[in-house]
Amino acid sequence: MSIDLKQLKYFLAVAEEKSFSRAAERLHISQPPLSQQIMKLESELGVKLFARTTRTFELTVAGKALMSEASDLLGRMRMTIDTIRQIDRGEVGRLRVGIVGSAMWGPIPSLLEEFQTKFPRVTWTIHELGPTLQYEALRAKQVDVGFWREPRIDEDLLRQDHLRQELCFREDVCVAINEHHPLAKADAIELIDIANEPMLTLALDKSSFPRYLIQCCVDAGFQPTIFQEATEPQTLLAMVGAGLGVTLLPETTSRIGWPGVVFVPIRTNPPSANLYITYTALDDAPVVRAFLNILNPPARTDISE
């Protein structure tokens with residue numbers, strides 16, 4: 001049996017118009033090929049769809065049944081085509097976003113809000129993971145995009161796994177210091193100015209970012225004395241507010257506004273807290289493509305702009 005959607009479309013036009021001439025006019029075709037298609041459809045089905053006399057033109061019982069079924073079928077097909085087109089435009093689907101926790105104090109929430117506004121039918125989920133776990137999750141296709149800070153993952157390693165890494169937001173590190181500390185009154189300080197302060201840091205075994213910051217201190221001329229480690233920036237800020245030490249955090253962390261804590265910029269060569277996005281270079285998933293379009297210039301710029 002060879003029945004195509006065009007034949008069903010033609011049949012519905014005739015059934016609804018109750019006239020071959022009016023149906024042909026509606027379909028913008030001549031009447032002979034329309035009649036041929038209806039005859040072919042009846043031949044394929046092995047039934048009569050229309051009861052024709054010199055005075056009447058009515059659907060048979062089989063024709064009425066086909067009219068109902070064909071109308072539903074073509075309606076579902078139109079919905080299917082519309083959904084497929086929406087999927088191709090990234091308007092339908094799901095997006096799994098890997099992030100480092102500190103990124104949620106920066107541009108990511110507003111980015112997700114914009115994405116949700118523009119693509120309300122896309123379901124997205126946040127997966128808070130360190131860079132190493134994000135990298136593994138990207139390789140295993142457990143997340144679709146990942147956000148992490150400095151240091152960048154080696155490009156050659158990423159290419160081996162068909163991943164692409166792009167800088168999306170620029171940001172510097174600042175010093176979080178107790179409001180009663182003498183340095184808290186400065187407009188900016190040098191990194192070496194905190195050489196003798198107890199250092200509070202994010203857990204060194206959870207992410208490469210705090211290890212990178214320790215190396216920046218070494219490059220500035222001192223080996224910091226690690227007093228305490230913590231998993232969350234809030235914990236570090238609570239300790240700073242209690243006067244237990246200083247910590248290095250991305251500038252956007254100052255949005256937390258922790259009581260008793262002052263955020264002081266680093267004057268010379270501040271460590272970078274740049275945010276990178278990483279995604280697969282092979283799978284051209286429309287939802288990922290739509291998300292990346294949100295990040296296109298001028299969005300990919302300095303965080304302060």
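**Note on cavities, pockets, cysteines and salt bridges**

1. The largest cavity has a volume of about 60 Å³. A cavity is, on a 1 Å grid over the protein atoms alone, a set of points where a 1.4 Å probe fits but cannot get out; a volume is the space filled by probe spheres set on the points, which are joined across faces, edges and corners. A search of the whole structure finds one cavity of 30 Å³ or more.

2. The structure is a predicted model, in which local features need pLDDT of at least 70 and side-chain atom pairs count only at pLDDT 80 or more, while totals for chains, interfaces and linings use all residues. Residues are numbered from 1 along each chain as its sequence is written, and side-chain values use heavy atoms, with hydrogens and water left out.

3. The residues that line the largest cavity include Met199, Phe209, Leu236 and Leu248; a lining residue has an atom within 4 Å of a point. Two or more lining residues come from each of strand 8 (198-202), helix 8 and strand 10 (246-250). Helices (H or I, at least four residues) and strands (E, at least two) are DSSP runs, numbered from the N terminus. The cavity lining divides into nine nonpolar residues, two polar and no charged. Here Ala, Val, Leu, Ile, Met, Phe, Trp, Tyr, Cys and Pro count as nonpolar, Asp, Glu, Lys and Arg as charged, and the others, Gly among them, as polar.

4. The largest pocket holds about 420 Å³ of space. A pocket is an open set of points with protein on both sides within 12 Å along at least five of seven lines. Of the 21 residues that line the largest pocket, Gly101, Gly130, Lys206, Ser207 and Thr231 lie nearest its centre. Helix 6 (131-139), strand 5 (145-149) and helix 8 (208-219) each give two or more residues to this lining, and helix 6 provides the largest share, three residues. By type, the pocket lining has 11 nonpolar, six polar and four charged residues.

5. There are zero disulfides in the structure, a disulfide being a pair of cysteine sulfur atoms within 2.5 Å. For cysteine 174, the nearest cysteine sulfur is that of cysteine 217, 13 Å away. Cysteine 174 is buried at 4% relative accessibility, and cysteine 217 is buried at 0%; buried means under 20% relative accessible area, exposed over 50%, and partly exposed in between (1.4 Å probe, protein chains only).

6. The search of the whole structure finds 11 salt bridges, each a side-chain nitrogen of Lys or Arg within 4 Å of a carboxyl oxygen of Asp or Glu. In one of them, the closest N and O atoms of arginine 96 and aspartate 144 are 3.0 Å apart. Arginine 96 lies in strand 3 (residues 93-99) and aspartate 144 in the loop between helix 6 and strand 5, so this pair ties together parts that are 48 residues apart in sequence. Both arginine 96 and aspartate 144 are buried.

7. Arginine 139 forms a salt bridge with glutamate 136, at 3.6 Å between the closest N and O atoms, and another with aspartate 161, at 3.3 Å. Arginine 139 and glutamate 136 are three residues apart in helix 6, and therefore about one helical turn separates them. Arginine 139 is partly exposed at 44% relative accessibility, as is aspartate 161 at 22%.
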